[in-house]
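Subject: Structure handover

Hello,

Please find the structure below. My notes on it follow.

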Amino acid sequence: MSSLPPAALLLFLAPLAALAAAFFIMRPWKPQWTHVPILISCGVVTAAAAYLAAMVYTGRGADVTLYTWMFAGKWSVPFGVRIDGIGVSVLCMVALVGALIQLYSVGYMKGDPGFSRFIMLLHLFYLSMIGLLVSNNYVQFYLFWELVGACSYFLIGFWSHKEAARKAAMQAFLTLRLADFGLMLAVLLIIVQFRDTHFALFHAVRFFPSMYHPLIGLLILWAAAGKSALFPLYFWLPDAMEGPTPVSALMHAATMVTAGIFLLVRSWPLISAVPGLPGLIAVVGAVTAIFAAVLAFTQTDLKRILAYSTVSHLGLMAFAVGLGQITAAVFHLVTHGFFKATLFLCAGNIAHASGKSAVSVSEVGGLWRRMPLTFAAFAIAAFSLAGIWPCAGFFSKDAILDAAFERGGWAWAAGLAIAAASAAYIFRMLFLTFFGPRPEQSPARSLHEAPPVMAVPVAFLALGALAVGWAREDLVAMLFCGRQSAVAAPSLPELAPKVAAAGLGLAALAAGVVFALTMGAPSWDWHWRRRRPGLAAAFAGDLGWRRVVAGFVARTLRVADVVGRVWDHETWDAAIEKTATACRALSRGGSAMASGGLSESLWWLMIGAAALLAWAGLR
Amino acid sequence: MIPWFAVFAGSAAVAFAALMITRRSLYSAAVCFLAVIFQLAALFYAVGARMLAFLLLLIYAGAVAVLIVVSINAAQEGSEERRRWNQPAFSRGLIAAGFLPPLLEAVVLLARGGTAPAQAAPIGDLALGLALFGPYAAAAEAVALLMLFAALAVVGKPEASR
Amino acid sequence: MSGVVWSVSAALFLLGLAGVALRRQLLAMFLGLELMVLTAALALGCTASLSGRGEGFVAALLVLAVAAAEAVVGLVLILRVRSSGRPAETQSLRELKG
C-alpha cells in the first residue's frame, strides 16, 4: 500500500475550502463574486488531476484508506482514495471539462438572481463526481453517487418558478431513486457475500460465481441504467433539459451520466464473472443507442437533440462494455465528454444569444455568419461525434466498431447502424442550425457571438474534441498503469483500415443524405412532420415508451394509494378508532353497572361472593 | 336415630321463612319472622344451648320484633297501593299457624320434664359466663359499646324533610 | 343432629338471601337480612354445642348482640329515608349512581 499523494487530498480540500469561502464570505458579502474562489478551486483540482495522471502514467498508483468511518466485527466502512488508471483518466476529463463549463457558466448565468447558489451547487456537483471517481470502495462510491443525484435534482429544478423544471427535477430524482435502490441492494449483497467493499478486492482476486453473484451484477446494471440513462430508464435525461444549459453540459459531459458507465467499468471484474451478463449489457446498450439515435433525428429542440444524442452515446459505451472492451468504453467516455460539452455550450451560446432557455431548429438558421466561432466549435464537435478523422471521436468510435467487428453478427450490424444514425442526427442539427436559413426558419435579427468568458471555454473544449484522440496510445497506456487488475482488460486493438473505412464511409453517406433531406428544395424535415402529424406525435412520445412509463407510474401510484391510504385506513386507523370505541362502550357499560341502585349492587355483591366461594371450593 | 324434635322445629322454621319472603303485607312478614325466631330458639334448645335460646327469645321476640312493628307503623306510605301492602292484615290462620308449633313443642318439653328428645348434652351456663368475661372480655365490651352507639343513632338529629 | 342443623341453616340462609335480593321494600329486605344473621348464629351455636366447646357459644352470643345493634341502626335508617319524603323502597336510594 503506497502512501497517499498530497494531490489526491487537494481534490477534496480545494473544493471544500472554495465552497466554504463562497458560502460564508462571498455569498453574504458580494454574491456576484461567488465564482472567484470556485474558479480558483477548479484550477487547483485540474492541476491536481493532471499531476495524478502523470503519477499514474509513471506507474505509481495508490489505494489508501484514510480512516474507517464505522466498523462492526470484520466488516467496516472505510473512507479512502484509489488512484488508478481508469479513475484518473476519467478524472482528468471531468476536472478539465467541468472547470471549463463552470467558467462558461459564469458568463452564462451573469445577472441571474440565483447566481451564487447556482455556482455553488455546480461546484458541489463537481466535487461529488470527483469523489465518486476516486472512491476506493462501494459504500463510499454509493455516498457520492447519491450526492451526485441530489445535486442534479437541485440543478435541473434550478429555475423553480417554471413548472416544467420542477416536474423534470422530480422525475429525474424519482427515476434515479429507483435506480439507486438497485445499487444499494447490490452494495448490501456485496457486503453480505464478501464482507468487504473495497474495489481492490475485486481487482486483485479472481473469484468464482456464487449464489448472489448474478443478482449483484444485474442490480449494478440496473443502477447504471438509471444513472447513465440506458434503455428502460433513459426518459429522465431528455426532460432534464429544463435546467440551465451549463447544467446540461456538465451532466451530460462530465459529472452525472458517466457515473453509470464508470460503475460498470469499475465493477467489470464482478460483471465479467457472470456468464451472459456482458451480452445483456451489450444488447441493452445497442438498443438504447439505436433507439435514441432515431429519436434524436426527429427532435426539433436543440437541447433535446443533444440529450437524445447523449443517451445514444451512453448506449454505445454500454455496448462497448458489454463487448468486453472496457478500455474502448473509457476512451469513448473521455472523448464524448469533450465533444458533448462543446456541443452543449454551443447550444447554450445560441440560447443565450436569443435570450431563451429552449431553442427550436425552426427559430435559427444560417448562424455561421453571425456566430463564426460557435459554428467552428460546433462543427469540430459534430465531426468528432460522427467519428470523422482526425477528430477525437473517430478514434474512440473506431475502437468500439473494431470490437463489434470482432464479435461479428448482430454486434457488427448494430455498430454500423449506430455509426450511421449518429452521423445523421448530428449533421441534420448542424445543417439546420448553421446553414441556410431556409424559408421555414425565422432567425431573430439580434443573434450575436458570445462574450469572451463564454467563447474561451468553448474554444478550449473544441480543441479537446479535436485533439484528445491523438493521445490514444498514451491514454491506453495510462489505463493499464497504476493498480493492476487480475482480470486483464483487453488492450485497445490497432486501427483496422477496413473498419475505419466502413465507419467513415457510412458517416459520410449519412451526412450526404441528410444534407439532401434538410437543405434540398422541398425540405423533407418539415414535410413529413406536416404530412403525418400522427407519426410526429409518436416520435415526440418516444414511440410509446413514455406512455408505458406513465402507465407504470399510474399503476404504482394506485397500488401505493391502496397500501398507504385505504389499507392504512382500514387496518391501523380502524384498529385505533375501534379501540377508542371499545373503551367508550366499556366505560358506558361500567358506569351502567354502577347504577347506584341497592338491588343491583346487591346482585353484584352476591355474584362476587359466589365467585369467591366457587374459587375457594375449587382450590 | 332421627332427632324428630329438631327436624320438626327446622322444617317449621324453613316453612315460615318461605312464607315470610312471599307475603306482600309487611305485618304478615313480621309475624312469620317471629315464628321463625321461635323455631330457632327451639333448635337451640334441642342442641343443648339453653342459654342461647333464652337470649334469642329475649332479644328478638321481645325487643327487635317490637321495633320492627313500630317501624312498619311509622313508615306508612302515602299511596293507595302501598297502603294496602302495609295494612295490618293479620290473617287469623297465619297467627294460629305461627303459634301452633311452639305450643306443641312446649307441651312435649313439659311432658318430658324439660328435656328435648334426643337432646345433646347441655353446656353449662357457668362455662359460658366464664368464657364471656374471661378470655373474651374485650370482645364482649366492644359489642356492648356498639350497642350503646346503636342506641345513640336513634336520638340523632333527623334529616331535613324534602 | 348436626346434619339437620346444617341443612336448616343452609335453607334459611338462602331464603333470607332471596328475600334481600328479590324484595323491594326496605323493611322486607331488612327482615331477610336479620334472618341471615340469625342463621349464622344458629350454625355457630349449634356446632359449638354439639362439639361441646364453650367458645362457639361466646361467638354466637356476640353475633346475636351485634345483630341486635344492627337491627336498631337499620330500622332507624329506614325511618330516616321515609321521613325525608321518599318511599321506603330500593328505587328511592340512587345517590351512588356513577
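Two residues are in contact here when they have heavy atoms within 4.5 Å of each other. This is a predicted model, in which local features need pLDDT of at least 70 and side-chain atom pairs count only at pLDDT 80 or more, while totals for chains, interfaces and linings use all residues. Residues are numbered from 1 along each chain as its sequence is written, chains are lettered from A and ligands numbered from 1 in the order in which they are written, and side-chain values use heavy atoms, with hydrogens and water left out.

**Cores**

By that contact rule, and not counting residues up to four places away in sequence, F319(A) touches A282(A), G285(A), A286(A), I400(A), A404(A), W410(A), A411(A), A414(A) and G415(A). F319(A) also belongs to the largest nonpolar core, which has 208 residues. A nonpolar core is a set of buried Ala, Val, Leu, Ile, Met, Phe, Trp, Tyr and Cys residues joined through side-chain atoms within 4.5 Å. Buried means under 20% relative accessible area, exposed means over 50%, and partly exposed is in between (1.4 Å probe, protein chains only). Which residues touch the most other members of the largest core? They are L132(A), W236(A), F319(A) and I426(A). The element that gives the most to this core is helix α15 of chain A (residues 326–354), with 17 residues. Helices (H or I, at least four residues) and strands (E, at least two) are DSSP runs, numbered from the N terminus. Another core, of 74 residues, lies apart from the largest one, and its members include Y60(B), A28(C), L38(C) and A48(C). As background, nonpolar side chains tend to be buried together in soluble globular proteins.

**Chain A**

Chain A has 26 helices and two strands. Its C-alpha atoms fill a box of roughly 110 × 60 × 60 Å along the principal axes. Of its 619 residues, 56% are buried. Among contacts between residues at least 6 apart in sequence, 81% join residues at least 24 apart. Chain A exposes about 24900 Å², with 71% supplied by carbon and sulfur atoms; such areas come from the Shrake-Rupley method with a 1.4 Å probe, and for residues only the protein chains shown count as cover. There are 42 positive and 27 negative side chains in chain A, and the centres of the two sets lie 3 Å apart. Lys and Arg count as positive and Asp and Glu as negative, without His or the chain ends; each charge is placed at NZ of Lys, CZ of Arg, CG of Asp or CD of Glu.

Two residues of chain A get a separate note.

- A229(A) is in the loop between α8 (213–227) and α9 (236–239). Its phi is positive, about 55 degrees, although it is not a glycine. Most residues other than glycine have a negative phi. A229(A) counts as buried because its relative accessibility is 0%.
- L517(A) lies in helix α22 (residues 497–519). Is L517(A) buried or partly exposed? Its relative accessible area is 24%, so L517(A) is partly exposed. Leaving aside neighbours within four places in sequence, L517(A) is in contact with S523(A), W524(A) and D525(A). L517(A) and M93(A) are 424 residues apart in sequence, and their C-alpha atoms are 36 Å apart in space.

**Chains B and C**

Chain B has seven helices and zero strands. Buried residues make up 40% of its 162 residues. Of the contacts in chain B between residues at least 6 apart in sequence, 71% join residues at least 24 apart. The accessible surface of chain B is about 8600 Å², of which 72% belongs to carbon and sulfur atoms.

Chain C has three helices and zero strands, and 58% of its 98 residues count as buried. The C-alpha atoms of chain C fill a box of roughly 50 × 25 × 25 Å along the principal axes. Chain C carries 8 positive and 5 negative charges, whose mean positions are 9 Å apart.

**Between chains**

Two pairs of chains are in contact, and chains B and C share the most contacts. No contact joins chain A and chain B, and their closest C-alpha atoms lie 16 Å apart.

Regards
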